[in-house]
Amino acid sequence: MRIIFKTSYLQDIKLLKHNGYIFWYGVLLFALLIAPAVLGEFYIGEMAFIFIYAIAGLGLMILVGFTGLPSLGHAAFMAIGAYANAYFLHKGVPFLISIFLAGLISFGVGALITVPLRRMTGIYFAIASLAFAIIVEEIIAHWKSVTGGLGGMSVDNPVIFGFELDSTWHFYFLCLAILLAVLYCTLNLIRSPSGRAFIAIRDSEISAESMGINLSIYKIKSFAISGCFTGLAGALFAHRLSFLTPDAFNFLLSIQLLMMVVVGGLGTVHGAIFGAIFVGLLPQVIAIAKDYLPPAIGQFPGLEPGLFGIIMVLFIIFEPMGLYGRWVKFKLFFDMFPLYRKATFKRQKTYLKTERVQ
Amino acid sequence: MTFFKAENISIDFGGIRAVNDVSFDVEKGTIFTIVGPNGAGKTTIFNIISRIYNLTEGRIIFEDKDITRLPAHQVVNLGIARTFQNIELFEHATVLHNLLIGRHIYCRSTFFSDLFFLPSVKRMELELRRKVEDVIDFLDLQHYRNQLIQNLPYGVRKIVELGRALCTEPKLLLLDEPASGLNVDETENMSFWIDDIKKLLGISVIMVEHNMNLVSQVSDHVLAINYGRVLADGTPKEVQTNPDVIKAYLGEDKDV
């Protein structure tokens, strides 16, 4: 078991707390870098997809997990990012600028939409964000000159400095790079005054306010950056889909994003990544399992959403900390071996305010 | 100069007048206690001072400045910090984080410098921690530093909340029932700390408290209220022997 002696304040602040972090995250990064050389194209494509989910998950985690505002409308930001990116690429804007603009527009929309929503909490906020998502979907369906309406819109391949990213592994590295950048920004945010203010708002609005935190401003910041990251994920998602229609960004996508952060573990950065892996892999696992199940179950309509729902309910009942909570227990088991006691976590089965209906 | 003054403050909730024409002065460097039976309007007065409620009538003056219409999040900038009756800490954060939020008003970073954690943010974070450490030392919270609030016992949470208020470096501290839910030992400690806060840190205190031992030990001035009106005003001894106060707490004896 590792015991860390803190001798300077810097140890509180730095991201890689000790050599174990450097080693294991180094191994992980190395594995991700050589993956395209080892794995087949299908797996690389799926991993890129998980990266996209993880980017959106980090965005949503800032809002839901850290600021405590449950959003049921984040598919709207995916859509805004995707359509903005596709539109600018059509207009001949270089890819790097186009994806930046997609993020910027999502940031702006996120900031604007919070102005009417900033006094709401809990279930009311969720419903209002759902309404926002439906409005965005309708606008996309009707604004034919920009989005192509219900007929859809094709997406050009990204080109960076004259180099066309047309194969799967190009796209894989693009997604990985953006994921790492977003991850770095999220971690920075959480360890800085803004992130602390978000957490304060989540846990107690009244005392956050009495500590001098301007609730409106920080909620706007949180929603804006959350929208921005989700918009970036949307811009990448556009390339993955390669043809955009409004129904790709419907209510179910919002639910899927929300489920990702809940199952991953609300209020943790790990949770967004674990949730993305989970949501990315589950459909594949179900598809494989279908072949082995008796047809009466395997061919049952609505099997996938049904399973998603059951898993979400089970997590909320038995493991409110999500996959990340499981991971912490798993790690502690080996750290403490053979002294691990189940009761260590007895008192920690608490819910964030986000999860309670206020 | 007026340090703190409440002038004829009244507040209505619908048809109920919760605080009715209450006036009081607090002198700098003193401990001022508000007592009264349950529902007398003590916490309402606190919520008025920290601008959570809007006054119906009256004015509140702090250091010659009218703060009656100030936004709630700016009150702390002037040097008024508070604690809550039912502990309002950030439960899923560590003690250190809670105290750091207490120093939020001293954070001078922008959202974008936070996002990239520029060297200036790093320097500021180190500086914040240095200041927080003084409060940790003052309140003996060293070995709770990295624990989550939700795992701490009630007595420690009370102290952490006091610490968070101290981190804002206030001139006036509002303590809403600092000893409620504490055992005899912890109450004793709390009374020493409140005394230290006055004498060592030079912070004035307005306190709501039911524990009369604590009240008479530390306060310089006591205000008794009932049904939102002032019953008595004076030294702890004067208020405790005031017949109106005794009546409000114990009721009337027909034979007397």
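Author: Domain bounds here come from an automatic or database domain assignment. For chain B, that assignment gives domain 1 (1–79 + 170–256) and domain 2 (90–167), and the centres of domain 1 of chain B and domain 2 of chain B, taken over C-alpha atoms, are separated by 27 Å. This is a predicted model, where local features need pLDDT of at least 70 and side-chain atom pairs count only at pLDDT 80 or more, while totals for chains, interfaces and linings use all residues. Residues are numbered from 1 along each chain as its sequence is written, with chains lettered from A and ligands numbered from 1 in the order in which they are written.

Reader: Thanks! What makes residues of domain 1 of chain B count as being in contact with domain 2 of chain B?

Author: Two residues are in contact if their C-beta atoms, placed from the backbone, lie within 7 Å. By that test, nine residues of domain 1 of chain B meet seven residues of domain 2 of chain B. On the domain 1 side, α2 and α7 (184–199) of chain B are the elements that give two or more residues.

Reader: And how do you know which class the residues on that side of domain 1 of chain B belong to?

Author: Ala, Val, Leu, Ile, Met, Phe, Trp, Tyr, Cys and Pro count as nonpolar, Asp, Glu, Lys and Arg as charged, and the others, Gly among them, as polar. Sorted that way, the side of domain 1 of chain B that touches domain 2 of chain B has six nonpolar, two polar and one charged residues.

Reader: What does the domain assignment give for chain A?

Author: Chain A has domain 1 (1–38) and domain 2 (41–355), with 24 Å between their centres, taken over C-alpha atoms. Their contact takes six residues from domain 1 of chain A and nine residues from domain 2 of chain A. Helix α2 (residues 19–38) of chain A gives the most to the domain 1 side, with three residues. That side divides into six nonpolar, no polar and no charged residues.

Reader: Why is N85(A) called buried?

Author: A residue is buried if 20 or more other C-beta atoms lie within 10 Å of its own, exposed if 12 or fewer, and partly exposed in between, with C-beta atoms placed from the backbone. N85(A) has 31 such atoms within 10 Å, so N85(A) is buried. N85(A) sits in helix α4 (residues 75–90) of chain A. Leaving out residues up to four places away in sequence, N85(A) touches S98(A), I99(A), A102(A), A235(A) and A238(A). Across the whole of chain A, 44% of the 358 residues count as buried.

Reader: Are α4(A) and α6(A) roughly parallel or roughly antiparallel, and how do you know?

Author: Axes are lines fitted to C-alpha atoms, for helices over the stretch in contact, and angles run from 0 to 180 degrees between N-to-C directions. Angles under 35 degrees count as roughly parallel, over 145 as roughly antiparallel, 65 to 115 as roughly perpendicular and the rest as oblique. α4(A) and helix α6 (residues 122–142) of chain A pack at about 30°, with axes 8 Å apart, and are therefore roughly parallel to each other. Their contact divides into nine nonpolar, no polar and one charged residues.

Reader: What makes helix α8 (residues 168–191) of chain A and helix α11 (residues 215–241) of chain A a pair to look at?

Author: They pack at an angle of about 180°, with their axes 11 Å apart, which makes α8(A) roughly antiparallel to α11(A). The residues in contact include F171(A) and C175(A) of α8(A), and L236(A) and H239(A) of α11(A).

Reader: Last one: how many residues of chain B are in contact with chain A?

Author: 34 residues of chain B are in contact with 28 residues of chain A. On the chain B side, α5(B) supplies the largest share, five residues.

How values were computed: Helix = DSSP H or I, 4+ residues; strand = E, 2+ residues; numbered from the N terminus.
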